[in-house]
Amino acid sequence: VQLQASGGGLVQAGGSMRLSCAASGLTFITFNNYRMGWFRQTPGKEREFVAAITWSGGSTYATDSVKGRFTISRENAKHTVYLQLNSLNPEDTATYYCAADRSTRPAAMYYTGVDYWGKGTLVTVSS
């Protein structure tokens, strides 16, 4: 199973960006078994949870610092999860990683519980 994240780049503060994460090596049925999510990490800091979405897409959960600004969604038919980032600020600058685990809960994902990681895509927000 591979998760390939894309969509990162440079954006000005206040701007928007959409990240995508495509999963390969999974059938349609098995992709639906996974909760998908996003983490982010800056140099010298631990990888932190950002947002998660249940297998059906019916429930989402986001960390407080991004609530109201970031939206997670998924298209199971395309084996893809998205993260829409709005009202970006320089503190959002980080490498963003998509992740998958088998939990069914609309709750925060834990680093140690992740089954699969994407390679990360860098988002840089200039002031």
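**Stop 1: Thr54.** Select Thr54, which sits in the loop between strand 5 (48-53) and strand 6 (60-62). Strands here are DSSP runs of E with at least two residues, and helices are runs of H or I with at least four; both are numbered from the N terminus.

A word on the model before you go on. It is predicted, so to speak of local features a pLDDT of at least 70 is needed, side-chain atom pairs count only at pLDDT 80 or more, and totals for chains, interfaces and linings use all residues. Residues are numbered from 1 along each chain as its sequence is written, and side-chain values use heavy atoms, with hydrogens and water left out.

Back to Thr54. Is Thr54 buried or exposed? Its relative accessible area is 5%, so Thr54 is buried. Buried means under 20% relative accessible area, exposed means over 50%, and partly exposed lies in between (1.4 Å probe, protein chains only).

Now show what surrounds Thr54. Setting aside neighbours within four places in sequence, Thr54 is in contact with Arg35, Ser59, Arg74, Thr104, Arg105 and Pro106. Contact means heavy atoms within 4.5 Å.

**Stop 2: Ala107.** Move to the loop between strand 9 and strand 10 (116-117), where you will find Ala107. Ala107 has a relative accessible area of 13%, so this residue is buried. Which residues does Ala107 touch, not counting those up to four places away in sequence? They are Arg35, Phe49, Ala52 and Tyr61. Next, draw a distance from Ala107 to Ala62. The two are 45 residues apart in sequence, and their C-alpha atoms are 7.9 Å apart in space.

Stop 3: Switch to a cartoon view. Two strands pair if DSSP finds at least two bridges between them.

Zoom in on strand 1 and strand 3 (residues 17-24). They pair in the antiparallel sense over five bridges. Pick Gln4: its bridge partner in strand 3 is Ala22.

**Stop 4: the disulfide.** How many disulfides does a search of the whole structure find? One. A disulfide is a pair of cysteine sulfur atoms within 2.5 Å, and Cys21 is joined to Cys98 with S to S at 2.1 Å. Cys21 lies in strand 3 and Cys98 in strand 9, so the pair ties together parts that are 77 residues apart in sequence. The torsion about the S-S bond is about 55 degrees, so the disulfide is right-handed. Both Cys21 and Cys98 are buried.

**Stop 5: Gln84.** Go to strand 8 and select Gln84. At 25% relative accessibility, Gln84 is partly exposed. Gln84 touches Ser16, Met17, Arg18, Arg69, Phe70 and Thr71, not counting residues up to four places away in sequence. Its side chain also makes a polar contact with the side chain of Asn86 at 2.9 Å. A polar contact is a pair of N or O atoms within 3.5 Å; within protein, one must be able to donate a hydrogen and the other to accept it, and residues adjacent in sequence count only if both atoms are side-chain atoms.

**Stop 6: Arg69 and Ser87.** Arg69 sits in the loop between strand 6 and strand 7. It counts as buried, at 15% relative accessibility. Where does the side chain of Arg69 reach? To the backbone oxygen of Ser87, at 3.0 Å. Beyond its neighbours within four places in sequence, Arg69 is in contact with residues including Gln84, Leu88 and Asp92.

Now click Ser87, in the loop between strand 8 and strand 9 (94-101). Ser87 is partly exposed, with a relative accessible area of 44%. Its phi is near 50 degrees, a positive value in a residue other than glycine. Most residues other than glycine have a negative phi.

**Last stop: His79.** His79 lies in the loop between strand 7 (70-75) and strand 8 (80-85). Its phi is positive too, near 55 degrees. With 12% relative accessibility, His79 counts as buried.
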